[in-house]
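Keep the structure open beside you as you read.

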Amino acid sequence: MADILAGGKPSLIIESGEPDWLSPIPLDHDGTWMIRISDRSITPNPNELLIHPPSLVVGVGCERDCAPDELRELVVETLADARLAPQSVRAIVSIDVKADEPAVHTLAEGLGVPARFFNAAELEAESPRLENPSDIVFREVGAHGVSEAAALAATGPKGMLIVAKRKSRRATCAVARGPHIDVRQIGRSRGHLSIVGTGPGDKAHRTPATDTAIARAQDIVGYGPYLDLLGPSIAGKTRHDFGLGAEIDRCRHALNLAGQGRDIALVSSGDPGVFAMATLVFELLDQEAHPDWQRISIDVHPGVSAMQLAAARAGAPLGHDFCAISLSDLLTPWPTIQERLRAAAEADFVTAFYNPRSRKRHHQIETARDIFLAHRPVDTPVIIARNLAREGESVEIMPLSELQVESIDMLTVVIIGNSQSRQMALVGRSWAYTPRGYVQKNIGKTGS
């Protein structure tokens, strides 16, 4: 660079690749130093800058559950024997039934490149160019080749096979070279579904992992008002809005999109694993046989639940053993909910109520209050938290005997303390906490 800025002109040798970025650099056939562009694995000469262009694609095939080390060693040896630079590999490609094969993804991650996949028809279209077509492979997957065909499909009509299929005991690979390889135009990626919890509503209570998953996603699926809360963070992404109560439709749609090779974020408020979307996704995967669903990758990103934020706003009411119970009887029979309420009350659990009351459902929270009054002191603190982290937020603390249902709705979380929970005044406001027993344990001790 110093020589170029000082007016020097290097010589240029292009052995592979089509680098359009060279045009601003002045060149001289008799330059004092050289730029060599090559996808070969070579040692540069003195006064030579060696650049490896992204001109290679490695096609792979393997048996189910092939050991990652076997596939990696086959590819490394193949590149070394052909004197090809691993730095020039642009992608690992295969047939779509291998989209969930760990060995393929381990290989791609090790080379720092994406893995892309083609369906059988796309691979079969390359059969006239194959050096090793196989009727056996055709009977297995519907194409006469996998590794060679995938490499050729990825490099396009101007690409050419430079290493024909090589085999190990359970894997195959082939290498093709092509111009202007754009991985965005190669086959499709393995679909990915992120099930994210956005917390109670505001950005301050979203985790960085959730923000990263949303930023990466191509499509966002969820209940419309929850998506609205994400604001600018989903600008430019494809929204798939669903109404209240369409939980199964949301999950199926997200799985179908991911099954097409897209990166999807399924949005849930609070924590997606607490009375929310994550469990429904896994239930659908467990009960319905969709091959495209089974090949996707999934991660679940927890969020700050309404129960956690309600507790934080009130102090520390969850300081000892606690549980959470949904009072909605849409999915759980009311007698079962009553059994759980009595068990929690008798066991002296701090208890959080989700879905405490709706426009058509009033009696459940009243019954819950009465059950707990039979097992708790009348002055047991109760936290009523509504619209947490949103406009109109309110948090009240009152004795259990004074709990009224009029101010409670589906946007409210109710937490009832245990028999040891306390309400106190501090810094001009009320707080509630449930002791762990540290103070009582240390009564009579000195030097603490």
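The expected span of a helix is 1.5 Å times one less than its number of residues. In this predicted model, helix H13 (residues 334-346) has 13 residues and runs 18 Å from its first C-alpha to its last, close to the expected 18 Å.

- Trp334, Ile337, Leu341, Ala344 and Ala345 of H13 are buried. They sit on the same side of H13, because they cover an arc of only 95 degrees around the axis.
- An α-helix has 3.6 residues a turn, so residues three or four places apart point the same way.
- Glu339 and Glu346, on the other side of H13, are exposed.
- The packing partners of the buried H13 residues are strand E15 (322-326), strand E16 (350-354) and helix H14 (363-373).
- Just after H13 comes Asp348, with a positive phi of about 65 degrees.

**Aromatic pairs**

- Searching the whole structure turns up three aromatic pairs. One of them is edge-to-face: Tyr223 and Tyr226, 4.8 Å centre to centre with 85 degrees between the planes.
- Tyr223 is buried at 17% relative accessible area, while Tyr226 is partly exposed at 22%.
- Phe275 and Tyr354 form a tilted pair, because their ring centres are 5.0 Å apart and their planes meet at 55 degrees.
- Phe275 is in the loop between strand E12 (263-268) and helix H10 (277-287) and Tyr354 is in strand E16, so this pair ties together parts 79 residues apart in sequence.
- Phe275 is partly exposed at 47% relative accessibility, whereas Tyr354 is buried at 11%.

**A charge over a ring**

- Arg429 lies over the face of Trp431, 3.8 Å from the ring centre.

Note on methods. Residues numbered from 1 in each chain as written. Predicted model: local features only at pLDDT ≥ 70, side-chain atom pairs only at ≥ 80, totals over all residues. Heavy atoms only, no water. Helix = DSSP H or I, 4+ residues; strand = E, 2+ residues; numbered from the N terminus. Buried < 20%, exposed > 50% of the residue type's maximum accessible area, 1.4 Å probe, protein only. Arc of directions from axis to C-beta. Contact = heavy atoms within 4.5 Å. Phe/Tyr/Trp six-rings, centres within 6.5 Å; stacked < 30°, edge-to-face > 60°. Lys NZ or Arg CZ within 6 Å of the ring centre and 35° of its normal.
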